[in-house]
Amino acid sequence: MKQVSCALTIAGTDPSGGAGIHADLKTFQELKSYGMSVITSVVAQNTTGVQAIQHVSLKMIEQQLDSIISDMPIHAFKTGMIANIDMMKLVANKIQEIDAPYVMDPVMVATSGDALIEQDARDFLREHLLPLTSIVTPNIPEAEYLTGETIETVDDMKQAAELIVKKFGAGAALVKGGHLTGEAVDLLFDGSVMHTFSAKRIETKNTHGTGCTYSAAITAYLSQGLPLPDAVDKAKRFVTAAIQYSFPLGSGNGPTNHWATREGEFTHGTNY
């Protein structure tokens, strides 16, 4: 029997289904990787914002990780919301037991603008978790925080991607250009080559969970053994379709459509 590709997400919840663990598992399923999850925080949120957060105990986070690591294959994994330094220390220690590509979505702020991790934890993430990654996937505000530099152009994005790898030790950096204007250009620096991924910008407010979905798609493709540039390319196509056919659900930023490619509504020269 063909080996099942297994992907793990370590993140917070989203009861409205658009982001966090919920978006990750939907993405894994759509891309035919077996999805597993470790919940770090229970978040009350919807398309309008975050209403409340309750963190899972460190002991329970560790027990969840031990349950998976001791029994299940992990071919790639990602982290999303890890809210404080104590959680980060635990995760940093435990994931060194996993021999698989590590995708970090450096979640700091929700689409609504609500902070999702504590201020001092941002520094710890940059200094201690970032060097463990195979790839980190910041948007422009996150990349500005990680580098301390202002990003206003594509050239600035290139410099930021190189800095995140060369100075801060990430295995690779995908700086996403969604906050700029014009084409939606993302830049991947893999330590030696700068790769460019571009798509037509889609004018919509329904972008809740796009960062989670994009990084989860990369994780799924890496779990299936794709080389990093190919995984990012296919993930970019997947998330672009999900945005193009997103939903006007809720009264805020609606969610993306995780089954857009399955419906055959989006064609980009690639069979999913």
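This is a predicted model: local features need pLDDT of at least 70, side-chain atom pairs count only at pLDDT 80 or more; totals for chains, interfaces and linings use all residues.
Let's start at Leu129: setting aside neighbours within four places in sequence, Leu129 is in contact (heavy atoms within 4.5 Å) with Ile82, Met88, Ala92, Ile95, Tyr102, Met104 and Phe124.

Residues are numbered from 1 along each chain as its sequence is written, and side-chain values use heavy atoms, leaving out hydrogens and water.

Back to the cores. A nonpolar core here is a set of buried Ala, Val, Leu, Ile, Met, Phe, Trp, Tyr and Cys residues joined through side-chain atoms within 4.5 Å, with buried meaning under 20% relative accessible area (1.4 Å probe, protein chains only). The largest has 53 residues, and Leu8, Ile10, Phe77, Met88, Ile95, Leu129 and Ile164 touch the most other members.

Now to Thr9, in strand 1, residues 6-11 (strands are DSSP E runs of at least two residues, helices H or I runs of at least four, numbered from the N terminus). Thr9 counts as buried because its relative accessibility is 0%. Beyond four places in sequence, the contacts of Thr9 include Asp24, Phe28, Ser37 and Lys78.

Finally, a helix pair: Ile140, Ala143, Leu146 and Thr147 in helix 5 meet Met157, Ala160, Leu163 and Ile164 in helix 6. Thanks, everyone!

Notes:
Buried means under 20% relative accessible area, exposed over 50%, partly exposed in between (1.4 Å probe, protein chains only).
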